[in-house]
Amino acid sequence: MNLEDDLRRALRRESPAPGFASRVLQRIETDQAPKRRPSWRAVAASLTLTALIGGGVAYEHHVREGERAKEQVLTALRIAGEKVRYAQSEVRTIGSQD
Amino acid sequence: MRKFVIVLTLTLAIAIPASAQRINLDFPGLADRAEEVVDVTLDASMLRLAAKFLGGDDPDEREIRHLITGLQGIYVRSYEFAKDGEYDKSLIDRVKSQLGPTWKPLVTVRSKTKENVNIMADVRGDRINGLVIIATEPREFTVVNIVGDIDIDRLSKLEGEFGIPKITKDTKDKDHD
């Protein structure tokens with residue numbers, strides 16, 4: 001019996017609070033109102049920011065590549081120089097023995 | 001038509017030797033067996049980029065920039081192995097076989113106890129248009145290919161100077177640590 005009472009109490013019809021319908025209509029009108037467009041300044045600012053960030057990233061990549069290329073040049077010339085000098089010193093040694 | 005043939009012939013005559021200066025330094029599987037590998041591949045555009053980062057107020061770097069100006073490429077493959085005989089000696093001949101008739105041996109050092117070095121140059125008139133250095137030891141195989149107009153004397157002065165650290169056996173051993 002208690003269960004039936006509980007269900008009846010829970011499912012009983014209730015009238016909405018006063019002003020509910022007008023609040024719903026007002027909300028619908030607000031949602032349908034045209035949205036504010038971003039100003040051209042905001043667009044320009046965001047484009048500039050994007051370009052600056054993109055440029056910064058590209059420049060950083062360029063610098064990293066350049067430094068890596070420089071290190072590779074130094075490594076290559078170090079190895080090449082070492083071998084040439086060794087060969088020259090061997091030739092000099094043989095020359096001085098003659 | 002005759003003019004076209006002459007221009008084409010001249011173009012090929014210039015282009016073919018120029019492109020032939022770069023040799024194939026692809027040694028499949030060798031890097032896997034090596035304990036230490038140095039692989040440098042710098043084409044003309046990378047050299048130009050590196051040149052922008054060399055110089056400024058540093059006279060040594062300016063000298064290096066001057067040396068690499070006019071080069072079309074620098075390619076180095078250097079392999080150090082943990083034990084003797086890890087590389088096939090025929091690789092030396094494979095490198096040499098790629099060199100055309102303009103290539104002349106400049107220096108050949110053969111030693112049973114020390115390093116063997118072959119230095120070959122692509123000589124065109126008074127100019128050296130390319131250099132190949134093959135250096136071998138029982139546990140080391142190194143090939144350097146410099147493409148372009150290179151001053152060998154200036155190159156030999158680089159080691160231990162110009163901010164390029166001199167390699168000794170000790171520093172190599174430290175690098176391993």
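This briefing describes the strands, aromatic contacts and selected residues of a predicted model. Chain B contains seven helices and six strands, and 42% of its 177 residues count as buried. Its six strands form an open antiparallel sheet. For chain A, the briefing covers helix H2 (residues 20-32).

**Overall make-up of chain B**

- Read from the N terminus, the elements of chain B follow the order α-α-β-α-α-β-α-β-β-β-β-α-α.
- Of the contacts in chain B between residues at least 6 apart in sequence, 61% join residues at least 24 apart.

**The sheet of chain B**

- Across the open sheet the strands lie in the order E1-E2-E6-E5-E4-E3, with antiparallel pairing.
- Strand E1 (36-43) and strand E3 (103-109) of chain B are the edge strands; each has a single partner strand, so one side of each has no neighbour in the sheet.
- From one strand to the next, the twist averages 10°.
- In a regular strand, side chains alternate between the two faces of the sheet.

**Strands E1, E2 and E6 of chain B**

- E1(B) and E2(B) run antiparallel and are joined by eight bridges; within this pairing, Glu36(B) stands opposite Glu80(B) of E2(B).
- E2(B) also pairs with E6(B), in the antiparallel sense, over nine bridges.
- Glu80(B) has Glu140(B) as its bridge partner in E6(B).
- Nine of the ten residues of E2(B) are buried, so this strand is largely enclosed by the rest of the structure.
- Helix H3 (residues 44-52) of chain B lies across E1 and strand E2 (71-80) of chain B, and runs at about 90° to E1(B).

- E3(B) pairs with strand E4 (residues 116-124) of chain B in the antiparallel sense, over six bridges, and the two form a hairpin with six residues between them.
- E4(B) and E5(B) form a hairpin with two residues between them, and Gly125(B) in the turn has a positive phi of about 70°.

**Aromatic contacts**

- A pair of aromatic rings is described by the distance between the centres and the angle between the planes.
- Over all chains, the count comes to five aromatic pairs.
- Phe27(B) and Phe141(B) form an edge-to-face pair, at 5.4 Å centre to centre and with 75° between the planes.
- This pair links distant parts of the chain: Phe27(B) lies in the loop between helix H1 (2-20) and helix H2 (30-33) of chain B, whereas Phe141(B) lies in strand E6 (residues 140-148) of chain B, 114 residues apart.
- Phe27(B) counts as buried because its relative accessibility is 5%, under the 20% cut-off; Phe141(B) is buried with a relative accessible area of 0%.
- Phe81(B) and Tyr87(B) form a stacked pair, at 5.6 Å centre to centre and with 25° between the planes.
- Phe81(B) is buried with a relative accessible area of 4%, and Tyr87(B) counts as buried at 6% relative accessibility.
- One aromatic cluster is formed by Phe27(B), Tyr79(B), Phe81(B), Tyr87(B) and Phe141(B).

**Arg22(B) and Ile146(B)**

- The charged end of Arg22(B) sits over the ring of Tyr75(B), 4.0 Å from its centre.
- Ile146(B) belongs to strand E6 of chain B and is buried, with a relative accessible area of 1%.
- Although 124 residues separate Ile146(B) and Arg22(B) in sequence, their C-alpha atoms are 7.9 Å apart in space.
- Not counting residues up to four places away in sequence, Ile146(B) touches Leu71(B), Gly73(B), Ile74(B), Gly130(B), Leu131(B) and Leu155(B), together with Ala80(A).

**Helix H2 of chain A**

- The 13 residues of helix H2 (residues 20-32) of chain A should span 18 Å at 1.5 Å a residue, and the end C-alpha atoms agree with this, being 19 Å apart.
- H2(A) is hardly covered, since the count of buried residues among its 13 residues is zero.

Terms used. Residues numbered from 1 in each chain as written. Chains lettered and ligands numbered in written order. Predicted model: local features only at pLDDT ≥ 70, side-chain atom pairs only at ≥ 80, totals over all residues. Heavy atoms only, no water. Helix = DSSP H or I, 4+ residues; strand = E, 2+ residues; numbered from the N terminus. Expected span 1.5 Å × (residues − 1). Buried < 20%, exposed > 50% of the residue type's maximum accessible area, 1.4 Å probe, protein only. Phe/Tyr/Trp six-rings, centres within 6.5 Å; stacked < 30°, edge-to-face > 60°. Lys NZ or Arg CZ within 6 Å of the ring centre and 35° of its normal. Pairing = 2+ DSSP bridges. Axes fitted to C-alpha atoms, helices over the stretch in contact; angles between N-to-C directions. Contact = heavy atoms within 4.5 Å.
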